[in-house]
Amino acid sequence: MREKKKKNLIDIKDLSVKEIDDLIKVANDIIEHKEKYSHKCDGKILATLFFEPSTRTRLSFESAMLRLGGKVLGFSDSASSSTTKGETLADTVCVVSGYADIIVMRHPKEGAPVVASKRSLVPIINAGDGGHNHPTQTLTDLLTISREKGRLDNLTIGLCGDLKFGRTIHSLITAMSRYKNIKFILISPDELKLPEYVITEVLEKNHIEYIETNSMEEYMNELDVLYMTRVQKERFLNEAEYVRLKDYYILDKSKLETAKEDLCILHPLPRVNEISTEIDDDKRAKYFEQAYNGVYIRMALILKLLEVL
Ligand code: CP
């Protein structure tokens, strides 16, 4: 008997624009009618294999599966797994795919989820691989932008901070580049500019307008969305370099003086210093809503990959 092909989410490009739009529709329906979905995954198990720390991604996936009526298992620290005895990722995934119906994994190595998907019997979801991709954060971001702005096209989006190592940035640019009339303002120090491969293979290939600048203030008045990011300490080889760059941008009230009244301020979180807490009460600050939205879009994704809908 031929096995049915399983669907994974390794890269945001694994989903068509229509599939993303459908996931957003389902997530919005879940937000409105939570009870309708509370037994959709009865009897199903989600495994979380986290080889790197996480608060939002792991717990929102667990919350998502529990809210769908399913169960969860897994580890949040590879030190408590048999990885410490020398087990390969491929063997770990091969075994866990016999214990669960769907696997969510985060790994420090770029490309690790692809290796996992080849050995898994069940769908693999990439919850972040090194400085490469973070597709489910992008789904969360898209749901939030569409709820806050009412559209995913005709937007000027400022991306600020660590554009080099910030995997959420790379996935978000890839996703948004498929919508009409998107312009990016890329705000970073020279040392943390967007990687050349994202510029050539995504922005230039798709004829997307973009500006690179060191200044947070210069284009503030044009922005519909401002997406702040943390400088990714864990990706630096040189501690002194991290310390020099970590507070390069701090969003405070003075920086928002020229900003639009309906600017949408996002951050994938965790935040360190890059958004002053004085901004939290500003009606334009949407980063905590963004974190809450993560549960609902992940519920929609689980339903899709398990073919429950
Ligand atoms: N945004 C995000 O990936 O957060 P965690 O690292 O806490 O999962």
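A salt bridge here is a side-chain nitrogen of Lys or Arg within 4 Å of a carboxyl oxygen of Asp or Glu, and by this rule the count comes to 23. The model is predicted: local features need pLDDT of at least 70, side-chain atom pairs count only at pLDDT 80 or more, and totals for chains, interfaces and linings use all residues. Residues are numbered from 1 along each chain as its sequence is written, and side-chain values use heavy atoms, leaving out hydrogens and water.

**View 1. Strand β5 and its two partners.** Helices (H or I, at least four residues) and strands (E, at least two) are DSSP runs, numbered from the N terminus. β5 (residues 155–160) is largely enclosed by the rest of the structure, because six of its six residues are buried (under 20% relative accessible area; exposed is over 50%, partly exposed in between; 1.4 Å probe, protein chains only). Leu 155, Ile 157 and Leu 159 lie on one side, with Thr 156, Gly 158 and Cys 160 on the other. Strands pair if DSSP finds at least two bridges between them. β5 pairs in the parallel sense with β6 (residues 182–187) over six bridges, and with β8 (residues 225–228) over four. Look for Cys 160 opposite Ile 187 in β6, and Gly 158 opposite Leu 226 in β8.

View 2. Glu 19 and Lys 304 meet at 3.0 Å, N to O. Glu 19 sits in helix α1 (residues 17–32) and Lys 304 in helix α9 (residues 287–305), 285 residues apart. Lys 304 is partly exposed, at 24%.

View 3. Glu 62 and Arg 58 have their closest N and O atoms 3.2 Å apart. Being four residues apart in α2 (residues 56–67), they are separated by about one helical turn. Glu 62 is buried at 15% relative accessibility, and Arg 58 is buried at 17%.
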